[in-house]
Amino acid sequence: MIKKLNPNKKAVWLDIHNFLLEKASPYNKLRLLIEENGCIKLTEPSEKDLFRFICRIITGQQLSTQAAKSLWDKLNKLCLEEKKELRELFNGNSFQKIKDCGLSANKVLAMKKLHDSFTKGVINAQLIKKLEDNEVINLITSLWGLGPWSAEMILIGYLGNHDIWSFNDSSLQKGIGLALSEQDKPEKEIIESFSPYRTLLSRHIWKGLDEG
């Protein structure tokens with residue numbers, strides 16, 4: 001079962017921040033990035049509904065952050081217009097309306113199959129919170145349209161795991177490449193040295209990319 005850090009213990013996050021700075025000390029660009037970002041902490045997910053959380057991941061697959069947000073906003077607008085929760089849209093005849101939001105046929109199908117898996121009890125929030133990391137990955141990747149990247153985003157964003165680095169995330173690979181551009185040491189070896197707080201390293205890289 002995933003052990004989460006207490007988001008309310010400020011001293012814990014400061015200790016982790018100092019740990020990251022120490023590990024980054026040989027890598028000038030990465031150290032400067034972490035210094036400029038300041039202390040980052042993991043917070044509870046704003047989206048508590050696991051079905052919606054995964055649907056948002058599906059929406060954003062292989063899209064820019066801006067494009068994914070636009071589609072997600074349209075999907076939420078449809079829910080308001082239909083006066084239904086997102087999960088309820090898959091109980092009726094709203095598939096065309098969902099597609100009309102701009103989602104590809106494969107993404108709509110992935111959401112429909114996800115809905116069926118929730119209905120059958122194959123997956124739910126209570127279940128995945130009891131699983132080990134590898135079990136979460138095996139479960140998520142067994143679902144149609146979801147792969148390792150989706151599983152890692154769930155581990156990070158929904159379950160709050162503090163030691164995940166996604167080698168399947170293109171933005172992370174781009175960001176760490178920029179941060180370590182002056183290094184000859186293998187990137188994977190450097191990244192692994194930040195365990196058990198690789199998720200925090202991920203957050204620093206994402207923030208650095210978002211802020212240019």
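How much accessible surface does the chain have, and what share of it belongs to carbon and sulfur atoms?

1. Surface. The accessible surface of the chain is about 11,600 Å², with 49% belonging to carbon and sulfur atoms. Accessible areas come from the Shrake-Rupley method with a 1.4 Å probe, and for residues only the protein chains shown count as cover.

2. Basis. This is a predicted model, in which local features need pLDDT of at least 70 and side-chain atom pairs count only at pLDDT 80 or more, while totals for chains, interfaces and linings use all residues. Residues are numbered from 1 along each chain as its sequence is written, and side-chain values use heavy atoms, with hydrogens and water left out.

3. Secondary structure and overall form. The chain has 13 helices and 0 strands, where helices (H or I, at least four residues) and strands (E, at least two) are DSSP runs numbered from the N terminus. The radius of gyration is 19 Å, close to the 17 Å from the globule rule for 212 residues, so the chain is as compact as a globular protein of that length. That radius is taken over C-alpha atoms, and the rule is 2.2 Å times the number of residues to the power 0.38. Along the principal axes, the C-alpha atoms fill a box of roughly 55 × 35 × 30 Å.

4. Of the 212 residues, 44% are buried (under 20% relative accessible area; exposed is over 50% and partly exposed in between, with a 1.4 Å probe and protein chains only). Among contacts (heavy atoms within 4.5 Å) between residues at least 6 apart in sequence, 65% join residues at least 24 apart.

5. Charges. The chain carries 31 positive and 27 negative charges, and their mean positions are 6 Å apart. Lys and Arg count as positive and Asp and Glu as negative, leaving out His and the chain ends; the places used are NZ of Lys, CZ of Arg, CG of Asp and CD of Glu.

6. Backbone points to check. Most residues other than glycine have a negative phi, and most peptide bonds are trans. Q62, in the loop between α3 (50–60) and α4 (65–82), has a positive phi near 60°. Q62 is exposed at 86% relative accessibility. K83 sits in the loop between α4 and α5 (86–89) and has a positive phi of about 55°. K83 is also exposed, with a relative accessible area of 75%.

7. Cis peptide. The bond joining S195 and P196 is cis, with omega about 15°. P196 lies in the loop between α12 (187–192) and α13 (198–210).
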